[in-house]
Amino acid sequence: MKFRCRMVDAGAMRDFTTIVNTISRMAKYCVLRLTTEELCFNVGDERVPVLWAVLSHEHFFTEYIMIGVCEDENEIYLEFDASMFARSLNSLKATAKSVKIKLTNKRQPCLTFEIDLSSLAIESRQCVHDVPVRLIPRREWPEHKMPVISQFDISLDIQQLKYLKHIVERMKSMSPKLTVIANKHGTLMLRVEVDHATVTTHFKGLQVWVNRQEEQEEEEDSEISATVSVKKLAMFLGWDILHPDSVKCNILREKMVKLTMDVGDHVKMHYFEPAIAS
């Protein structure tokens with residue numbers, strides 16, 4: 001196995017650091033899947049995978065070399081402490097000129113960060129961090145695969161992510177759970193129930209896609225919903241810091257809400273939130 005990459009673009013280093021820092025606030029441990037085309041950060045909730053942040057290596061790295069465990073399965077899976085990974089990138093904020101990341105063996109497998117810092121001195125300064133990692137054996141890889149759901153009952157584009165985040169943050173103080181409701185007219189509703197009251201926020205005029213079977217079986221005004229954790233939904237909406245180009249809400253009736261976020265053609269977020277009892 002072999003992995004080595006290098007970043008020199010200030011914008012790419014900033015975005016990469018933002019992604020890693022946000023991931024470190026979501027969970028203690030993270031799994032990184034490396035392929036010849038992309039990097040995928042897999043974040044779990046009590047070891048149940050919920051977030052896949054897929055990064056195109058062409059956008060972030062000027063050099064990218066990856067040789068997997070074997071020719072047939074040319075991938076590498078690493079598990080590490082997310083906060084330690086994030087702290088290793090803090091030096092990028094200090095006007096770093098470049099950073100190299102490579103898989104090394106220093107008594108144990110590590111991701112080694114070699115960060116070149118800008119300096120007025122003739123000799124450049126270098127900061128080196130080693131983050132211990134666990135090489136995940138192939139028998140465990142299926143546990144870290146993204147779920148494949150062929151079709152959701154309904155999907156809607158979300159335009160005002162910052163406003164949606166503000167609403168969910170307010171609702172978080174009212175109830176631990178929230179019901180996400182959508183209809184084929186392009187209306188998305190967020191609803192919480194508190195003592196003696198029900199609070200609902202409506203987002204109208206959204207672009208909508210409906211499962212064909214659902215469209216045939218249900219009446220025109222039917223609603224599709226799933227009840228989820230407000231805290232977990234708010235956690236995903238914190239990704240508005242990346243200024244996404246598009247966000248889509250997908251609902252599988254009473255089973256799951258999946259949110260997807262595209263940042264250009266170089267970052268794609270997949271967030272799965274299973275439904276809870278309403």
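Biologist: In what sense do strand 8 and strand 9 pair, and over how many bridges?

Modeller: This is a predicted model, so local features need pLDDT of at least 70 and side-chain atom pairs pLDDT 80 or more, while totals for chains, interfaces and linings use all residues. Residues count from 1 along each chain as its sequence is written, and side-chain values use heavy atoms, leaving out hydrogens and water. Strands here are DSSP runs of E, at least two residues, numbered from the N terminus, and two of them pair if DSSP finds at least two bridges between them. For strand 8 and strand 9 the sense is antiparallel, over eight bridges.

Biologist: Which residue of strand 9 stands opposite Asp116?

Modeller: Strand 9 covers 125-132, and strand 8 covers residues 109-117. Opposite Asp116 you'll find Gln126.

Biologist: What's the strand order in the open sheet?

Modeller: The sheet has five strands with antiparallel pairing. Strand 5 (63-67) and strand 9 are its edge strands, each pairing on one side only. Reading across, the order is 5-1-7-8-9.

Biologist: And which residue in strand 8 is the bridge partner of Val99?

Modeller: Val99 sits in strand 7, where it stands opposite Met7. Strand 7 also joins strand 8 through nine bridges, running antiparallel. There, the partner of Val99 is Ile115.

Biologist: Which residue takes a positive phi in the hairpin of strand 7 and strand 8?

Modeller: That hairpin has three residues between the strands. The one with a positive phi, near 70°, is Arg107.

Key
Helices (H or I, at least four residues) and strands (E, at least two) are DSSP runs, numbered from the N terminus.
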